[in-house]
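Have the model open as you read.

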Amino acid sequence: MTTVKPRNPMLVLLFYSALMVTLPVMTFFLSQYAIENYMNTTYSRSYIYATACSVIVIHVILGIFVYYAYKEDKVVPYPPEKED
């Protein structure tokens with residue numbers, strides 16, 4: 001029998017919330033810069049592509065969170081006590 005290390009749900013929620021705030025913003029600005037400078041697109045078109053990249057990142061993060069929540073083992077905080 002394997003033992004499962006219980007995870008604090010609040011820490012997991014804070015971790016994924018931090019990812020939801022930081023990664024899409026970083027993706028937007030980095031992809032906007034890369035698309036505008038390396039692909040020689042217009043200013044407005046680079047915003048459209050950067051927004052699409054950010055939305056994809058958000059969906060990936062949400063998908064990973066849902067997968068994690070679905071696959072998480074049910075951990076009983078305290079084993080039931082035996083009554084004699």
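What follows covers the overall fold, the annotated spans and a few local spots.

This is a predicted model, so a few ground rules apply: local features need pLDDT of at least 70, side-chain atom pairs count only at pLDDT 80 or more, and totals for chains, interfaces and linings use all residues. Residues are numbered from 1 along each chain as its sequence is written, and side-chain values use heavy atoms, with hydrogens and water left out.

**Overall picture**
- The chain has 2 helices and 0 strands; helices (H or I, at least four residues) and strands (E, at least two) are DSSP runs, numbered from the N terminus.
- Of the 84 residues in the chain, 15% are buried, where buried means under 20% relative accessible area, exposed over 50%, and partly exposed in between (1.4 Å probe, protein chains only).
- The chain's accessible surface comes to about 7500 Å², and 68% of that belongs to carbon and sulfur atoms; areas come from the Shrake-Rupley method with a 1.4 Å probe, and for residues only the protein chains shown count as cover.
- Take the contacts (heavy atoms within 4.5 Å) between residues at least 6 apart in sequence: 62% of them join residues at least 24 apart.

**Annotated spans**
- An unreviewed UniProt entry lists residues 12-35 and 47-70 as "transmembrane region"; positions are in the numbering used here, feature names are shortened, and annotations may be inferred rather than shown by experiment.
- Residues 12-35 are 100% helix and 0% strand, with end C-alpha atoms 33 Å apart.
- For residues 47-70, the span is again 100% helix and 0% strand, and the end C-alpha atoms lie 35 Å apart.

**S54 in α2**
- S54 sits in helix α2 (residues 43-71) and is buried, at 9% relative accessible area.
- Beyond its neighbours within four places in sequence, S54 is in contact with P24, T27 and F28.
- The S54 side chain also reaches the backbone oxygen of P24 at 3.0 Å.

**Exposed spots**
- L11 belongs to helix α1 (residues 9-38), and its relative accessible area of 56% makes it exposed.
- Together with M10, L13 and L14, L11 forms a nonpolar surface patch with about 410 Å² of accessible area.
- N40 is in the loop between α1 and α2 and counts as exposed at 68% relative accessibility.
- N40 isn't a glycine, yet it has a positive phi of about 50°.

Terms used
Patches are made of residues with over 30% relative accessible area and no salt bridge: like charges are joined within 9 Å, nonpolar side chains (Val, Leu, Ile, Met, Phe, Trp, Tyr) within 5 Å. A salt bridge is a side-chain nitrogen of Lys or Arg within 4 Å of a carboxyl oxygen of Asp or Glu. A polar contact is a pair of N or O atoms within 3.5 Å; within protein, one must be able to donate a hydrogen and the other to accept it, and residues adjacent in sequence count only if both atoms are side-chain atoms.
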